[in-house]
Amino acid sequence: MNAEISRAPRTPERVRHELKFRLLDVVRTERLTPGMVRVTLGGADLAGFNSPGFDDHVKLFFPDPATGEIVMRKPGPNGQEGPADGPRPTMRDYTPRAFDADALTLAIDFAVHDAGPATTWALQAAPGQRLGVGGPRGSFLLPTDFDWHLLVGDDTALPAIARRLAELPAGARAIVLAEVDSAADHLPLPSAAAVDTFWVYREGAAPGEAGPLLAKLASLDLPGGDFHAWVACESGVAKALRAHLIGERGAQPQWTKAAGYWRRGSVATHDSIGD
């Protein structure tokens, strides 16, 4: 039988979840690096939580700074629907970093290089405070049957990168290209796979410039064979990286997923980058 025909399928699987909204308590906080804060949430509302995709995202609902009230949208026929009247909640998308079904805890890692409401909240979060969480609404499950895997991103992508590396099996190979401010922002990225990690440092420069990641990626001697490329960072940077991978490095569009986890000059954005 032809080897290409016998090879396991590489089609991603989309999984939909029942949309649920949860009101959770801050259990503990931890400053992982100068640029990353972990907030661990807990509560009975986490029963049944499910996040099988490494780049899943949940919607976080932050307390109103003036009143402390958390206004959460409720599920409706079109997904998330806000109240007909009343304040619009402050919401942001984040990757569920780790869920413990026995302890009913959920860890969320916050990159703190901006000064928005999510960063402001995470930096002052303390046990006893509350946060609203919605979703995830669905998961995008990527197969691991590739000759190797490429993971590229900035600080905001590190939780998803860590989850992907944790799920890759022994015998797999991965290359990670991660942009952070300095060597002090390294995070452990354990994996059963063989992983080569390349760190790119901003050294105090503003995030969201394509140059550093693009230059490093262009300099890498990438392996041969079929690979899946996953990119997540600022939207303009993600677009430039995807174009370079497909146009210059032989990446297949159907095996190249790029997302803008944030966008310079905008708030609350999450872009899928396509052709």
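Colleague: Is Arg202 buried or exposed, and what is its relative accessible area?

Modeller: This is a predicted model, in which local features need pLDDT of at least 70 and side-chain atom pairs count only at pLDDT 80 or more, while totals for chains, interfaces and linings use all residues. Residues are numbered from 1 along each chain as its sequence is written, and side-chain values use heavy atoms, with hydrogens and water left out. Buried means under 20% relative accessible area, exposed over 50%, and partly exposed in between, using a 1.4 Å probe and protein chains only. By that rule Arg202 is buried, its relative accessible area being 9%.

Colleague: Which residue forms a salt bridge with Arg202?

Modeller: A salt bridge is a side-chain nitrogen of Lys or Arg within 4 Å of a carboxyl oxygen of Asp or Glu. For Arg202, the closest N and O atoms are 2.8 Å apart, and the partner is Asp155. Arg202 lies in the loop between strand E14 and H4, and its partner in the loop between E12 and helix H3, so the pair ties together parts that are 47 residues apart in sequence; the partner, at 4% relative accessibility, counts as buried, and its name is Asp155.

Colleague: How many residues apart in sequence are the parts that Lys257 and Asp55 tie together?

Modeller: The side chains of Lys257 and Asp55 meet in a salt bridge, with 2.8 Å from N to O. Helices (H or I, at least four residues) and strands (E, at least two) are DSSP runs, numbered from the N terminus. Lys257 lies in strand E16 and Asp55 in the loop between E3 and E4, so the distance along the sequence between the parts they tie together is 202 residues.

Colleague: With which side chain does the side chain of Asp109 make a polar contact?

Modeller: Asp109 has its place in strand E9 and is buried, with a relative accessible area of 5%. A polar contact is a pair of N or O atoms within 3.5 Å; within protein, one must be able to donate a hydrogen and the other to accept it, and residues adjacent in sequence count only if both atoms are side-chain atoms. At 2.7 Å, the side chain that Asp109 meets in this way is that of Arg38.

Colleague: How far apart are the end C-alpha atoms of helix H5?

Modeller: The expected span of a helix is 1.5 Å times one less than its number of residues. Helix H5, residues 235-248, has 14 residues and should therefore span 20 Å, which agrees with the distance between its end C-alpha atoms, 20 Å.
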